[in-house]
Amino acid sequence: MGILGALLIATLLLGATSAKRVVTIQSGPLVRTQGSHITIWCNVTGYKEGVEQDFEWSMYLHSAPDREIRIISTIQPNYAYAVFAQRVNSKEIYVERLGRDAAVLHVTKLETKDQGQFECYTPNTDGEYLGSYSAKTNLTVIPDTLSVTSVAQSLNKVEGDMLQLTCEVTRQTYQHSHLSVGWFLRSPDHSIPPQDMVTLSRDFVLHAGGPYKQRFASGDVRLDKTSSTAYRMTIYRLLPADQGLLYCEAAEWIQDPDQSWYPMTRKQSEKTSLKVQHADKDFSIQVTTERRAYTVGEPFELRCTLDAQNILDRYFSVSWVFSSSPVAVVGPSAVPVLGSNYVEREASGQMTIRKESPSVFLLKLQHLRQHDAGKYICRVTEREKTPSGDFVDRTKRSRNVQISVQPIRSNMTVFLASNSTEVLEGEPVQLTCSLRALSDKASSVSVLWQWTGKGSLAPQELASVNREGMVKPGPSYRERSSYGEIRAERLRTDTFILYMYNSLPSDEGQYKCVATEWIQMYNYTWENIGEKSASRSITIKTVESSFFVSASSRTPSITYGDSFDLQCIVKPRYNPRIPVTVTWRFQPSDGANGEFRDLVTFTHDAALQWGDQPLSLGTRATIEKSATNTNFKLGVSRAGQHESGTFQCKAELWRKNYDSTWTKIANRSSNLLGINVFKPVSKLRVQQSNQSLWFVENSRVWVNCSITSQTSSDSQHTVLWYARKSGEPSTAPELLLKMNHNSAFEYGTYAEEERLKSRVQSERLSPQLYTLTIHRAETSDTGTYFCVVEEWLLDPYGAWYQLAKESSGFTKVVVRQPEIHLQVEETESNITVEETGSIRLGCSILSQSTKDSHFSVSWYVVRSAQGEEAEADCVFSIGHDAIFGNENCSPAEALELDSRLQFERTTSDHYSLTIQRVRPADSGNYYCHVEEWLLNPRNVWYRLATNNSGVTVVNVLEQVSTLQSVVCSIDSLFYFVFFYPFPIFGILLMTVLLVRYKARSLSRSQEGKNGAPLLWIKEPHINYSPTCLDPPTLSLHPGSVE
């Protein structure tokens, strides 16, 4: 049923069930592939008849389901948004009307961005809104992963041949889909539509096209699924009508929600061109071989190729003939029948008769013999059955193939090469014998090595290598060969090597390589086919003729602690078979006898030996030998005076014989090499600038001694501190302190005299900075200080020696008492107070000279009654040692338990004095006197400064007598007035309460009956003030009526 029919049925059903307006869209979700053509139908029912309906299409992306994207409209030409406008204008998206109330949306080429929800909207044409005006469906766009591949071929077949074509169909769809695969034939006439040959439908049903139905039913045409992706079509007997272009077509189907199947994508493979020729009964023969000329022992192959149609359905027999003699006959069954002369060769594997394919026959002789030369032919006979049942034979023969077989001759050439024509004694001699142009891979070569010395006529045999590669030394060289001095080997089939590892002068002469080529015949015997040779002269140069030894050093003059290297160069370079013994010898510069003595020896057997009287080098000597045995190095680090002298190198050449014995063959001594060792030049520099430093008494004095440069980073210093008292420039400086380079301290006479041992200290702040510190400085420490630096170095033998000495600049040190900064608050004030009152006098220290200052505080008064010329009286004092009273101030009023004076120190710099119960005689001008005291370095207190505060004028008013004052002044009257009434009042209150209780108990019944109110009294409230100025009050509060 088509789209139009579905729309009509949906219209009828909806119209019959409802009169409302209903918009229907193709149900989803719809799954389509990218790039395919999709159609979505939409129709409307329930509208007023006679009005053509319009359709507007929009979509909503899943990422923005509330945002409408307009696509196309049948009423508005510019309805589409920009994202779809170009595709609408190019007719890639269009709407097809199926009627007045039905339309189909076409998207000819789907894109991935088209995935989303499509909406079909129909504008209202009824004048009122009743029903639905839009419908939505979902569209999913998946990648087109269908792949159809078949190898494109051009095939030429003959009628009756079999044809097999394979098609690979793959897909990567995650949706549930079905495949249909079929083979189609397009005839050369393109106006004729393709013919369906055989197809596997989406429902997995095989069916064939019209012309192939009968052949498919008979099994001549079939389609097989050979793997999960491979589909093979087979035509067992081709017909001329089968020629044309053959291709494979596959479609991927998916079932929509309405249960209909839709082909999402359809693809074709590459086309195969097939030509089918009519059957031909004739045949032809062709005989081929690689070449016509051969050599004895080579393999020989002869092929007879039959060219005919339908060979498998015809019967052929092939006969091989050599010089009119039968060799073999191969019938249709491929079983050969051999001639009498070839049975033995075939049985021994020397001959092969084989049918390689239905059309190719092989004759092969493994090893040609000389009598195999001649003419070879191939004769083919076809036996065909006639309609009458008789057999008719047709025979054809090939052209003659002439074969020539030549006897084997050696074309070998021999080349002899050596590692050098002139070899130094002890170095190896290597001779390489290379062969070229060997006859055959199956051939073999034997080699004989010979040597002819100078003046010798007969060559001597060194060694020989037979065909199997076995080595046999010559009679005169068996002993040397047994020790491995001479070795011969076959490196490859065409390369032979002779080694002489420890060459001797007697080995000089002419060396010869004689090579003989052998070949194995068909009967497994070996035949000599040629002999060639090559020679080469070798000269052996003795090592003594060019033996030379020299000694050298880059640093003939060095300083203490430096290193020097001595090199012994042995020339020329020798191999390990002739090692060298090298001895370093030394003659001290202060040697009495002037004889050389051995220091160290490198022996020829790789041992290291020290001399009987080696230098006191210890671990300071390094011994090195180069890998080539040409450089022997003696290194001395941290050299001293004992290494100053003359050095010499002595070398001996030794040869190791093949029996492991040693023979000394040469002896040489080098030139004399003098080494001078000096003390280093001092680079000691000490800071020379003069300076003056001021310090406060009891502080810490420090003087620096700075070393600006030194000779070595390993230098150590002895620092001597000197001092000279101030005011004595003519006196010589005295040693204060000495700090040795080993950090030991020594006090000088100045430290003893000035009692500085307990207060002086010397430190090493860094390798080049020293400091002198005087703790708790006194004024007597004032003077001039300087340091003297001695530079010490450690010689290579572990002993210290003084290299240089230098003095620093002068530092003038002045120690003085602290500056006076004592300041007392000088603000003046007036205080008026009544007699018996109290006054508070403050004393604030605004600043002090040092943080360690102690203060003595005294208050003085100039009384008003004595006049302005009167002397000040001491009121109160406290010393710097926190003891009341001092020798400068003696208070007139002693401090006792009932004293009127009260002293307070609220903070470290604030003092106060309170005078209680003042009298008129206390009137006057008050001030405080402050003395600042310090403790000197010798723990003795001294007064540094004094200062007075401002004046406080105190005026005491004389008091007049009142009743209150009289009462408070007499104790008995005070108690009588304020304390005795309370117990009397309490007794009276208790009596009243008791009487009240008795009366109430007697009249309760009467009073309760007549309802008269009862009067009760709360307990009295007593207000009491503890001061004598406010007498206690007694108040009674009335009760309430119950």
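Residues are numbered from 1 along each chain as its sequence is written, and side-chain values use heavy atoms, with hydrogens and water left out. Because the model is predicted, local features need pLDDT of at least 70 and side-chain atom pairs count only at pLDDT 80 or more, while totals for chains, interfaces and linings use all residues.

A look at confidence comes first. The predictor's confidence in each residue is given as pLDDT, from 0 to 100. The protein has a mean pLDDT of 83, with 89% of its residues reaching 70 or more. Residues 1-18 stay under 50 in pLDDT, and the model has 19 contacts for them beyond four places in sequence; a contact here means heavy atoms within 4.5 Å. The pLDDT is also below 50 over residues 1007-1042, a stretch with 46 contacts in the model beyond near neighbours in sequence.

Attention now turns to the disulfides. A disulfide is a covalent bond between the sulfur atoms of two cysteines, and the criterion applied is a pair of cysteine sulfur atoms within 2.5 Å. Searching the whole structure gives seven disulfides, among them the link between cysteine 42 and cysteine 120, with an S to S distance of 2.1 Å. Cysteine 42 belongs to strand S3 (residues 38-45) and cysteine 120 to strand S8 (residues 116-121), so this pair ties together parts that are 78 residues apart in sequence. Strands (E, at least two residues) are DSSP runs, numbered from the N terminus. The torsion about the S-S bond of cysteine 42 and cysteine 120 is about -85°, so the disulfide is left-handed. Cysteine 42 and cysteine 120 are buried, where buried means under 20% relative accessible area, exposed over 50%, and partly exposed in between (1.4 Å probe, protein chains only).

Another disulfide is formed by cysteine 167 and cysteine 248, whose sulfur atoms lie 2.4 Å apart. Because cysteine 167 sits in strand S12 (residues 163-170) and cysteine 248 in strand S18 (residues 244-255), the pair ties together parts that are 81 residues apart in sequence. A torsion of about -75° about the S-S bond of cysteine 167 and cysteine 248 makes the disulfide left-handed, and both cysteines are buried.

Cysteine 304 and cysteine 378 are likewise joined by a disulfide (S to S 2.1 Å). This pair links distant parts of the chain, 74 residues apart, with cysteine 304 in strand S23 (residues 300-308) and cysteine 378 in strand S29 (residues 374-385). The link of cysteine 304 and cysteine 378 is left-handed, with -80° about the S-S bond, and both cysteine 304 and cysteine 378 are buried.

Two individual residues complete the description. Histidine 929 lies in strand S71 (residues 924-935) and counts as buried because its relative accessibility is 17%. Its side chain makes a polar contact of 2.5 Å with the side chain of asparagine 948. A polar contact is a pair of N or O atoms within 3.5 Å; within protein, one must be able to donate a hydrogen and the other to accept it, and residues adjacent in sequence count only if both atoms are side-chain atoms. Leaving aside residues up to four places away in sequence, histidine 929 touches Ser856, Val857, Ser858, Tyr860, Thr946, Asn947 and Asn948.

Aspartate 852 is placed in the loop between strand S66 (839-847) and strand S67 (854-863). With a relative accessible area of 46%, aspartate 852 is partly exposed. The side chains of aspartate 852 and lysine 851 are joined by a polar contact of 3.4 Å. Aspartate 852 and leucine 934 are 82 residues apart in sequence, with 7.1 Å between them in space, C-alpha to C-alpha.

How values were computed. Helix = DSSP H or I, 4+ residues; strand = E, 2+ residues; numbered from the N terminus.
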